Every structure is written in structure tokens, then in C-alpha cells.
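Subject: Structure for your review

Dear colleague,

Please find below the structure that I am handing over to you. My notes on helix packing, peptide geometry and charged pairs follow it.

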Amino acid sequence: MIPSEPSHDEEENVAPVKAKRSKPEETEGEAEVFHPVKLSRSDLYRPPTAEELNQLKEAESLFHCSLLKMQMEELLREVVLSERRKQQIDCFIQTVTSLLQTVPRSPEVELGDLSWLSGAVKVPFLLIPKASKGKFHMAPPASVNLIGSYPLGTCIKPSIMVDLAVTIPADVLHPKDVLNQRYPRKRALYLAGLAQHLTSSSEIGTMRYSCLHGNRLRPLLLLTPPGKDSSSFTVRVHACPPPGFFKPSRFHPQRNSIRTEWYTGLSKSHIYIGSPVEPPTPHYNSSILGDLLPRAHLQFLSAVSSQCSAFADGVALLKVWLRQRELDQGTGCFNGFLASMLLAYLLTTHRVSNSMTAYQLLRNSLNFLASTDLTVNGISLAKDPDSTPALADMHSAFQVVFVDPSGHLNMCADMTACTYKQVQHEASLSMQFWDDPTVDGFHALLMTPKPMIRTSDHVFQLCELVKLQSSCKKLNLLSELMDHSGNYIDAALPFILSLLQRGLDQRIHLLTHSLSPDPEWSVESEAPKHKAQPPLSFGLILRPELAASVLERGPPADSPKAAEFRQLWGSHSELRRFQDGAITEAVLWNGETSYEKRLVPRQIIAHLLQLHAGIPESSLRYVGAMVDDVIKMGHEVPSTGEEQSLKVVQSYDDLSRKLWRLEGLPLSITSVQGAHPALRYTQVNPLFPPHSFYEKISRSLVPKEGKPCPAYITPVTVICHMEGSGKWPHDHLAIRHIRAAFHISLGELLSKQHRYACKPCPSHLDVWKDGLAFRIQVAYHREPQVLRESVNAEGLLVVRDNEDAQALEMATVHRPLLTSTLHGLQQQHPCFGAVCRLAKRWLGAQLFSEDITEDTADLLVASLFLQPAPFIPPGSPQVGFLRFLHLLSSFDWRNNPLVVNLNNQLTAADYTEIKNDFMASRESLPVMFIATPKDKKLSLWTKQAPSVQMLQRVVMVAAESLKVLESQLMDGNQTQDVRVALRPPLDPYDVLIHLNPKQVPLLSQAVDPPAVKISRGVMSGNVAQSGGALPVIDYNPVSHYLAELREAFGDLALFFCDPYGGTVITVLWKPKAFNPVPFKTSQMFARQVEVTGEEVHTVPNIEAILEDFRVMGKGLVKSVEPRTERWAF
């Protein structure tokens, strides 16, 4: 969403917010009136200027359409700072600067003596170890300068940070302060002294401490203005040494600045067994070096920016792109400073030209990131590389290398290789989507947030971070701990990432991790411990074809790599002989069902972390499949139903083959097509052979009197097209009779040739096979056309479309085609069916299944796999479901058609045609418009529903469900109950009809199934798998009762129910139905007479209607609960 200029108390939001048009400024109490400008004839027809011609040419050649250019310009207008905000910042900076100049001097004391500080203000530093040599005293700063993005002009909303460099006087520091944390401690003490001085001033709002990008060696003092502007911007005070005070060569990445003897407190004889060589401390060195160079960096960037007019806008767009991907904040992030330096690198190396637009700068930056691996080939801005550390030295010390203009500082020192790989992955995805004319590149790249839980297929968290202390010990990371000044999380993280990368290997596209947020704390509190930060989250983007493999096949037993494989997997590795005769090392993981196989990465991660890092499984929180519990079944072997769905499809394939081979039919079969969600793997609860109470009457099994309602048996619809022939009649009633005859004939042949139990009906033939009911419907391809034809009074043939023809065409043509297409999609994306089932379970639970039908829901989910921008197709049911909720809640249904490009049949021209047709006839089209290759103009699937009001409610509930689910999945401290997103709020409804649970056949599928299961009988040989007596098929008292209610009272109320085991029917009165109407004897159903004066009116008889609810549902309805407090008539 486009960031805007929010009110003073809202500007410090973490994510951009939707744009609002600013009202024209009012002058002297009256709104300014704008009049059209009258142009003279010469002005009106004046030829375009060179600038206008350039803009037209640029819009034509650079953008897919001129709209993209306007969107970019509008976004830039929204994120840059207004003049009013700049004035406020300048004014506050002047105030702070003048206050800082008056800091009093204090007497010189030992470094560890804090008696000069008042009791309230604390030092923003973890003093580990406690002792450190040196003297310290407070003195006014040598200078106070603006640094960073604000003076450069690249500072953007919504989170405005203004950086202020306060130079520590030279007499406070000593040239040898780089050793043993003396300088970082003096720096922290100096900040504490500044904080103490500023506490007495009323011109400062709030004061807090923080760290620069999570680096505890570089604490900051955060200041906000007083009053109503307190949240509009933040000033970050950096304490820096005087320029040139330390020699940059002192900070070579191979040099040591922390002595092991000082850090451990042990004598040298205890520490060194071999040669006493101190380990290098590259991260510590780069932290201090970073404080020396900010002014030089600002001068360098200002010089580059002055040569390129679009530099600031290019950086702003790159910052927005990074913000939406959560890459711009936290430890080791790709921050705005790096974005500016990257653009400066491209400009100084002439990879981009100074005359390029902001759009071109963004495109070229992303293209460079996508194609350049800084973990292997680092880049440098240094003009004289001979006098500075070599890139090879940088690569040996750091994972990602990008050297600053001085040639000494690696600006990506804290970045892990995984974070850079994530930046690379996102950049290459962005380029791919931007070059696709069918994707709205602007929204996908710059407007859609990509939080980890919605981007990664699986997410897991390390909860007890203090366990990483023992990991450092187990991995023998003393030198890394010294280098990171005791931050065991930063020290252990690269090793844990490389361990997981080795273990998961081909199973994943990408391993990502959360960037620890910058800690913030009060100036009166001690610095928080390392373990106080939120859990570390890791994201996996899976390769679906390999991720679920239960076998990890290693090298042959005699290979030199076998020892390495055994070292990695420990006791899990064993020698196995394979069918091809090879004897190799292998690891076998547990997993029978698809659900268990999807969680193989969890087993791998838990095993590796326990074996190599000593992190117990109890410290691991895996949220890869928590939402899958909603559709989970089976106690001994947990499953999400893929195996049962496969059995249904296999049984159907067998029936289809047998239908093709039937002999003795008067006409041959031209096609057999499935037309049921079970045949595309999207049936919410896959079909099982029934276990029910029955008694045999004639050739049927009927429910027993007084027993619970038998289990529901879903009929699987199969459309069987017969060949065309001149003998088919031209009357629709005669065609129906012929079809009924075919049903009888098919039933007789299947019984005779295959011993199936069959029951023919006029509209279909039920076949009992493998414990499943197949409902075969014979179809004749010309029947819809015959239904459209009629003869008028003059004897002329008239063709007129009607609902019967449309319904028949939908059942016999469109739905079978959709089923076969989506069956193909399931073969490409193994989790497609599970995502559909989660989506439909949510729609049913929230009482929306009548408004968004099964076919519509399947199409909505298909769009997530076919047009996933800005993501890649979902690789797990959970992430697919979260994206489904996001699609429902964020798609602009009013102004855009949702195009589902099934089988990739639509071209860019088709997209344009669909969009143009949609805009031309928007008012007459369904409120939710879904276009497919076979349905570009009508949106057949959403013609009847949803209505505007219901779609608004769906959008609202989806947004709320998404918010609740995402916060719960990412926060282990919340109550872990994902079903909370499936429990519908019952407050908005006027009447609740409570049903008798025993008579609800799908009760076991309810969101909250009863603790005590209701027995519906056992399989005691009374229902044969094939042949034998037929049970009652498609008998669901709840749906029959609902249909009767809608038919009788549909003009007075709306009725809602969860079709998957819901025990409440909710009723919503239609307000207009309660307006009094003139008395008519023909319109007295469920109404009563009211006489006012001489006028006689009728109004609905509520008491009688509620009584009718009870009478119609006798035996099924337990109670009717009218909520009269809500009634407004």
C-alpha cells in the first residue's frame, strides 16, 4: 500500500499505509476555488517541448504502460518528506545541537568508575568482562554534524530517522583504545553523559537507547521532539571519534584487537596449547572503523548524488522495495545506506548513466543484485585498491563483501550469506515479474508486503536463545565470541545456517532467517541481555518434488566422502543396498502419509541441531504445518487425506475404463468425465466407506428408527456423453426420457458384466463400487441448445438463453472441464488440493460456502499457483492458505478482474482484452469477476453469488482471520489454537437454530468436534464394498432442512450453516421484508394483519415463523433462539 503523510501521531508506523488525497489548503477560512485556465489558440496547438517529447518517449519505451510511470511518480510523492516536516526536523536539530554544546566537563576517573553518573541514567553497554583499563571524563563535543540519509535527501517515510554525529573530543580518547573494548566502552559512557545532560531539558520529548543495526558495540541515543510531534520522527545520536584519530590500517580484517587473556581471564599458559597466535577480530574491527567514516561516506554520496538528478528517487524506490521484503532493518540487514552505496557503485563504475530515471536506476540495481553474488565475488568502491586490504582477505573474514570508498571497511560485515541469497532471490523474482506483461509489476514489487510467514513454505523458531551459549561451546567458537563481544547469537548463527544448508541441501530453494530487531530500552534501564531478543525465525522455501523424500542417499561406502556423510548424520547414517545393486550410506526418515512426509525437514532440522549444536527439540518451534490440523484425520497414522483422495481417483479411473468397454449399448460413449471436487483432490473431507446403522429393506439399506443419522455418503458425479445421432429427439422432455432409458441400460450392463450394485433414476444412475457411490449422468451435447429453442406464436424458431440451459451446460460441459484442468494442476503442484481444502473448510466454517461455491474457491486457489507474483507458487498447504486469505482481503474486486490463466492459454493481448471488456461493462458484471480461458466475459462461476454485502463481509473476515493466524503462528507466547480463525462470530445474526448433534451426519468434521463421539454404527458386513444392497446415498437432513427453509422463507431472511458438521443454522432477517404492505389474500403466508385507522396492512408473523422453524425441523431442531435485542423493527 502506498505510504502517505500521516497525522503527527501516526507517521512512525512500521509499514506503508494507504494513500489519502490531501484536501486543498484553506486560506483565510475559505476554501480556495480553482477555475479552468483558458488557453489561447496558439497555446492550445503549440508543438510539444523537448522535455515533453522526452517524457512521452520514455513512457513508451521504458514502461509496459504510461500508468506505471504515473504510479511511480505518485509513490515517490507519498514517501518523500514534506517541507513542513523538514522545517520541524531542522528546528529540533538546532535545539539539540545547542543543548549538546553546553555539556559540562567532569573530572577524570578510571574507566570502570561510574560514580560521576547520576543514579537514574545507565550505561548502554554490557560490561563483559567487567574490568578494562583506561581513563574517562565528560567534555563538550568537538563538533555536531548531520550524517546519513537526511542531509543526502534520501530519507523517506513512514519511519523517519535523522542521524546526528557527535564527535568525542580527542583528549577523552587514547590511540590504544581500540584494544579490549576500551573505545566502545568510552563511546557508551559518552552517550550516557549526553543522556544525563539532556534529561533536565524540557525541549526533548522522550529519550531511549538503541543499537545501530543490532550491533551492541555501537549504541545510539534516540531523541524525539516534545508534544504532539513526538512520534513523527526520531533523531539518532551517534558518538564518533575525531576524523583520522585511529589509523584505518589498524583495522585490517586479519588483525586482532581483543586479547584472549583479557577476554577469558585465564593466563596464556592455560589458553594456548600450540603457538600463541591471537585470532583475528574482523567484526569488532569493522564496528570501530564504521564510526570513523560516516562523514567521509556522506561527502562521497553527496558528490555522486549531485551528478545524477534521479539518485534520491532511485534510492527511495529501492528502500521501499527492501521494506516490503523486511530486509531493511535489524542485524545484518540490507539497509538504506547499503542501497545508496550500491547505486553509487553502479554510477561510478558506469554500469548506469547519470541521466537515467529513478525507474531505470531501480531496474538496473535489481538486475545487478540478481546477477552478482557478493558472497563469491565481492565489489569495492576504493579508488586505490593497492594500499588497502585485498578482497581475498575480506572474503576469508566475512561472508558478504562490499567495500567502501576508503577501501578498509566491509559495509556488509554483519550480513550472513543467507540474507544476501534472499536479496538475490527476491531481485531475480522481481525482474521476472517486471518483464511479464500479464503481471501488475508495480503492485507486486512495491506495494505487496512479504512477511516471512507468507513467503516461506515452512517456518521454525529457536525459542530459548540462551541455548546458543552452549552451542558456541560445543562448536568451539571462542574466537567468534570474542569477535562479536560475547554476542553468542551472532557468533553461532552462521554456523547453524551452514549446518542446515548442508543437511537440507537439494530439498530447499532457499533458507532465510529473521533479522533480530534493533533493541530499544529506557535510558534508566540496564542494557538488555542477548537472550532478551525475540526468537530467531528461519524460513524454508521448499522444492516440492524433493522436500518430502524420506530417503537421504549418500555416497558409496568406499568413497572418501562417506566419512563426511557419516559425520554429518551421526547414528542415523547406515549402509543400505539398493535395487540397482549399489551399496551406499543412507538415512531413512519416518513418513508414511503425505502429511508426515511434508514434515521430513522438521526431523532433519531437529536431528542436526541436537547432534551438532546441542539444541534440544524442546527449544525448536516448528510452524510448518500447524494450520494443516484443521483437515487432519486418523489417530494412529496422521493424514490430511491425500491418500484417500488418490483411492477415489483410482476407483473412478477403473470405472471410466469399464464404461468405455461396455458392450450392448445402442449408442457408443464419446467421453467419460469427472465433475466432482473429489476427482480434482479438493473434496474438503475425502470420502470413506461408511460405518452406519442400517436395516435391509428390499435391495436397499435404510436408516434405523431411533438411531443417530447414518454417515453421509457423497455421490461422486460422473458425466457420460453419448454420441450424436439423427435418432435423438428435438424435444427436451423426450431427450430426458431417452437419458432415463440409458441410465436403466447402463445399470443393467454394469450389474451383469461387473456385479456392481446399481440404482437407476430419471436424472442419474447410482453405482456402488469400492465403498464409494458414483453418480453417472448421461449427457447429450445438443440438449442445452434444444432447451434454448422454442417456437413462437407465428411458428418461428426462437433461440433464447434461459436458466435451465445454463445450469445444464454448467453441469455437463464447464464443471467436467474445470475438474480435469484442476486435476492436472494437482499433478504439477502436490499441495494444491490441500490448500483448496483448507480454503473451503474456512469458507464453510465462517458460513460463506453458499456465497463462494466450491468451484469458485478452487479457482481462487488455482490463481495463487498460476499467478503467484510477488511470490513463487506455494510449497505447503499452510502458506497457500495464508495467501488465499490475503488474496480475498486485499484484491481490488471493484476495479479489477481476477484472471486465472488455466493451462497457460491466455496471452498478454487476452489479458488486455479481458480488462478492457471488464471496464466497459463493469456495472452489469458480477461483483466478484473471475475470468478463465473459456470464460473471458461472463464470469460464469460467480454469476449468482456473492452479493456486494456478502463479499464485503468475506473480505473483512478474511483480513481479520489472516491477522489472527499470522500473529499466532509467529508468536509462541500466544495461545496456540489455529481453529480460532474458523469459529464464526454469531453476534450479527437475529435467530440461531440449534440442531440435534445426533442427526448431523458430518458432525465428526466440525471445527470443534464433540469430545464424546457419536457412534453411527459399525461395518458388520452390512455394507459391501461393491455389489450387495445399496445404502442411502446423498442423505443429509441438515442440507434438506436448509433448502426447505430457503424455499419457504427466502423472501424474509437469509439462512447460513457450516456444511461440514455445523450444529447451528443462523438466520438474518431482511430489513425490507418487515415493511408493512397492503393486505392481499393471496399474500398471507407467514404474515399477520395490522389495522391502523382505516388502513389494513400485513407484516411478517414472527412468532408463527419461529414456530414453523421448529415444526419443519422436528427431530432435527433442538431449540430456536431468537435474539430479540438485535431486532430493529
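Before the helix pairs are described, one convention is needed: an axis here is a line fitted to C-alpha atoms, for helices over the stretch in contact, and an angle runs from 0 to 180 degrees between N-to-C directions. Please also bear in mind that this is a predicted model.

Helix packing

On that basis, helix H28 (residues 803-828) packs against helix H30 (residues 854-866) at an angle of about 35°, and their axes are 11 Å apart. The crossing of these two helices, H28 and H30, is left-handed. On the H28 side the contact involves Arg815, Leu818, Leu822 and Leu825, which meet Asp855, Asp858, Leu859, Ala862 and Leu866 of H30. Sorted by class, the residues of the contact of H28 with H30 comprise 6 nonpolar, no polar and 3 charged.

The second pair consists of helix H13 (residues 358-371) and helix H15 (residues 417-434), whose axes are 8 Å apart and which pack at an angle of about 125°. Because of that angle, H13 counts as oblique to H15. The crossing of H13 and H15 is left-handed. H13 contributes Tyr359, Leu362, Arg363, Leu366, Asn367, Leu369, Ala370 and Ser371 to the contact, while H15 contributes Tyr420, Val423, Gln424, Ala427, Ser428, Ser430, Met431 and Trp434. The contact of H13 with H15 divides into 10 nonpolar, 5 polar and 1 charged residues.

Which hand does the crossing of H20 and H24 have? The crossing of H20 and H24 is right-handed. Ile496, Leu499, Leu500, Gly503 and Leu504 of H20 make this contact with Pro601, Ile604, Ile605, Leu608, Leu609 and His612 of H24. The contact of H20 with H24 contains 9 nonpolar and 2 polar residues, and no charged ones.

Backbone geometry

Two cis peptide bonds should be noted. Alanine 869 and proline 870 are joined by a cis peptide bond with omega of about 5°, and proline 870 sits in the loop between H30 and helix H31 (877-890). The bond from alanine 945 to proline 946 is also cis, with omega near 5°. Proline 946 belongs to the loop between strand S30 (930-931) and helix H33 (948-970).

Histidine 350, although not a glycine, has a positive phi of about 60°. This histidine 350 lies in the loop that runs between helix H12 (336-348) and H13.

Salt bridges

Side chains of opposite charge can pair when their charged atoms come close. How many salt bridges does a search of the whole structure find? The search finds 47 salt bridges.

Database annotation

An unreviewed UniProt entry places the feature "domain: Nrap protein" at residues 162-306, 310-448, 454-613, 629-827, 829-982 and 986-1120. Over residues 310-448, the chain is 53% helix and 3% strand, with the end C-alpha atoms 24 Å apart. Over residues 829-982, the figures are 50% helix and 3% strand, and the end C-alpha atoms are 25 Å apart.

With kind regards

Terms used. Residues numbered from 1 in each chain as written. Predicted model: local features only at pLDDT ≥ 70, side-chain atom pairs only at ≥ 80, totals over all residues. Heavy atoms only, no water. Left-handed = near helix turned anticlockwise from the far one by under 90°. Helix = DSSP H or I, 4+ residues; strand = E, 2+ residues; numbered from the N terminus. Contact = heavy atoms within 4.5 Å. Nonpolar A, V, L, I, M, F, W, Y, C, P; charged D, E, K, R; others polar. UniProt positions renumbered as here; feature names shortened; annotations may be inferred. Salt bridge = Lys/Arg side-chain N within 4 Å of Asp/Glu carboxyl O. Parallel < 35°, antiparallel > 145°, perpendicular 65-115°, else oblique.
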